Amino acid sequence: MKTTIACFFLLLILVPLLGTSVDKKVYIVYFGQHVNGEKALHEIEKFHLSYLHSVKESEEDARSSLLYSYKHSINGFAAKLTPDEVSKLSEKEEVLSVFPSHGMYSGHTSRSWEFVGLDEEDGYSSRKLKNGGENLALRAKYGKDVIIGVMDSGVWPESPSFSDQGMDPIPKSWRGICQEGVAFNSSNCNRKIIGARYYVKGFEAEYGTVNPTEDFLSPRDADGHGTHTASTAAGRQVSDAAALGGFAKGTASGGAPLARLSIYKACWAIPNEPKADGNTCFNSDMLAALDDAIADGVDIISVSIGTDEPLSFENDVIGLAALEASKRNILVVCSAGNSGPDPGTLSNPAPWIITVGASSVDRAFSASVKLRNGLSLQGPSITPNKLKKMYPLVYAGDVVDPGVARNLTGQCFPGSLDPTKVKGKIVVCMRGDGLRVAKGLEVKRAGGVGFVLANDEFYGDDMQYDPHFLPATTLSYDDGIKILEYIYSTKNPMAKINAGKTKLNYKPAPFMAEFTSRGPNVVDPYILKPDITAPGHNILAAWSEASSPTKLPLDHRSVKYNLESGTSMACPHISGAAALLKAIHPHWSVAAIKSALMTTAAITNNLGNPITDSYGYDANPFQFGSGHFQPTKAVDPGLIYDATYHDYLLYLCAAGPDALVELSSTFKCPANPPSTLTLNYPSFAIPNLNTPVTVTRTVTNIGRPKSTYLFFVEPPLGVVVEATPSILRFKRIGEKLSFNITVYPRNDLSGENSEYGFGWYSWDDGLYHVRSPMAVYLP
């Protein structure tokens, strides 16, 4: 059975390659049983070389082809192989699968911590817990001695966010290193950045040696993404930090400012492509990074990386490594992805990972364009420039070079505008294809003095903030129609653009970012994903001074702090919050930390209404999971849904292929494994409700010794939800009680459209409100 599944999986991958190329490519050879134990790395390498030697012509060829031997993340290795060698290896009984290394992974790219209840301005010291105890960050000693591993594009160590002033010596439990390289030496590590490594063999096997004009062959960050995520999770408190033009000025801080950081650079600039297009992260390099992170002694691994499309468990190297991390009680936090608003797009779907969506904070930046007829239209902008007087206003489609295709005339593509028609004018460009900031660059190239970016119908009210090169603002689709109507209703249209301004206490907030990837979870539709949402919209954090704020080739500006959006920015918020919880509850399992964050999350905004999407419609758990995180409440959740590594293996007996459940030599799947619905998860989804379905859960009391919880439910439309028992009576701390939830369709709603419905169930004792979401599809 094992060999059949593995060979079938290999055929799916390799059939297109066999017969078309004899070039060596990097593959990951994956063994099932994790028998490495206490073996030294050289012993593991010797074992892996024996397999390579069996398919290679010489021992020298075997050694030169081996890139990585993995000890902790998976039981396997990465090597350069021909298709014929892959075929021979896959036939060996001990080899469960062989899959290609690829660069499908990429990065998912202040006020936020204050917004969720940790006051930045006074060092968090004024906030009190609901139960009257010390404030969360103070009680957690700001995450002191918790170690967060960040796998990303590296770090800019000179940033004030990574100062170690006043920090205690490095924890004795630390086993990592500070790897030197280009523009990075051991002095760049300190008591804040206690470790740094880089992984490039998979990248260089595909692209060749790293171009020194594009990236640093070291842990140093040439992109900005890794610096931003690391400082969001655990950056020190830095006063008077601001983005370009002074926007978002205030105290920049990570969630756990005294936590330690270890940097694992596994993402690199794509050769001959603009940085704005993102970087690439090869799975063979990421596995090596995760392998070291587990061995180094980190407590939390923050991974703002994923794929544009979901990967099955057996293909998902982040998920494979995270499973092994959970065995050692290391929490892995991942971004959901930026492929929204399409459904079924989220990455990192494994249930032992915390998967994070992106939402907004209560801060906005806007600039207005005032028309000569008196109408003023306002939209998002983080551009400090302004126009002091009125200038002629034109639509880009009317001022293009004659050779530009008609369907592209309003897009302001590079080289498309006619300078003789643009000079001294404000140009209205349509959002659609091409980079937003690049459109403004084209207006500047053609001699324009200002720039208005108008959403097309597809983007509607979705608003993005950009550091443009000219006085500029962005308009919604409706306001874009208004400005075009004005242009064509008068003989001499005129306008001026005012400077952008920062607005605090913006309402409603939070709302879900348009780009955040959505459920349902297509890998296992019974696991509701994402798990939670956190701020990921215009987040201020540290930046690489080797990169411009826009990362465009023509942008030579340099900043120490930058505003960035993406689920990449949301992920380290949860990592920082988890570090605080870990500091207070060092013996909590990874599942307990996840449960505490999920069951205490908020589902309403600062107006007291349901959280909405970027268009103003009610959002749902496929966007925000359990809700918007509230770390001050998560420290004391009342009840937790706990799970162990053994539980995850049992789950995989039903959800995953044989290759995944033979990770342990001491574990064997039962003949009839339970449904994946039995995993003790703080939420659930039912993808096809035809007949009654029963979900079993167990909660552990960590609140009051003697307490009675009542069951409450808000079922999805057309669904009946009942709990047995509906009352839980606890007598002591640590007591576990189980219950069944039965879900069945109502018979009086025939003819309704088939779609997912969403609801909530909770356990309430008068002090604690332990809430979980559900998603149910009625066929």
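**Notebook: sheet, helices, cores, confidence**

Strand β3 covers residues 76–81, and four bridges join β2 to it, with the two running antiparallel. Strands here are DSSP runs of E with at least two residues, helices are runs of H or I with at least four, and both are numbered from the N terminus. Two strands pair if DSSP finds at least two bridges between them.

I noted what I am looking at. This is a predicted model, in which local features need pLDDT of at least 70, side-chain atom pairs count only at pLDDT 80 or more, and totals for chains, interfaces and linings use all residues. Residues are numbered from 1 along each chain as its sequence is written, and side-chain values use heavy atoms, leaving out hydrogens and water.

**The sheet around β3**

What is the order of the strands in the open sheet? I read it as β2-β3-β1-β4, four strands with antiparallel pairing. β2 (66–70) and β4 (95–100) are at the edges; each has a single partner strand, so one side of each lacks a neighbour in the sheet. From one strand to the next, the twist averages 20 degrees.

Next I looked for helices on this sheet. Helix α4 (residues 83–90) packs on it and touches β1 (25–31), β3 and β4. Its direction makes about 150 degrees with that of β3. Helix α9 (residues 283–296) packs on the sheet too, touching β1, β2, β3 and β4. The direction of α9 makes about 40 degrees with that of β2. Contact means heavy atoms within 4.5 Å. Axes are lines fitted to C-alpha atoms, for helices over the stretch in contact, and angles run from 0 to 180 degrees between N-to-C directions.

**A helix pair**

I then checked α10 (residues 317–327) against α18 (residues 645–655). Their axes come within 9 Å and cross at roughly 145 degrees. From α10, Leu323, Glu324, Ser326 and Lys327 make the contact. From α18, Tyr645, Tyr648, Leu649 and Leu652 take part.

**Strand β10**

Strand β6 (residues 147–152) runs parallel to β10, joined by six bridges. There, Val150 has Ile263 as its bridge partner. Strand β7 (residues 193–198) is also parallel to β10, with five bridges. Ala196 is likewise bridged to Ile263.

Helix α15 (residues 590–599) is mostly covered as well: ten of its ten residues are buried. Lys594 and Ser595 are among them.

**Cores**

I looked up the nonpolar cores, sets of buried Ala, Val, Leu, Ile, Met, Phe, Trp, Tyr and Cys joined through side-chain atoms within 4.5 Å. The largest has 58 residues. Met151, Met286, Ile301, Ile305, Ile318 and Trp352 have the most contacts inside it. Beyond four places in sequence, Met286 touches residues including Tyr105, Ala266 and Val317. Another core lies apart, with 48 residues, among them Ala140, Ile148, Ala259 and Leu580.

**Confidence**

Last, I checked pLDDT, the predictor's confidence in each residue, from 0 to 100. The protein's mean is 88, and 91% of its residues reach 70 or more. Over residues 1–21 it stays under 50, and the model has 25 contacts beyond four places in sequence for them. Residues 120–133 are also below 50, with 37 contacts in the model beyond near neighbours in sequence. Where pLDDT is low, the predicted coordinates should not be read in detail.

How values were computed: Buried < 20%, exposed > 50% of the residue type's maximum accessible area, 1.4 Å probe, protein only.
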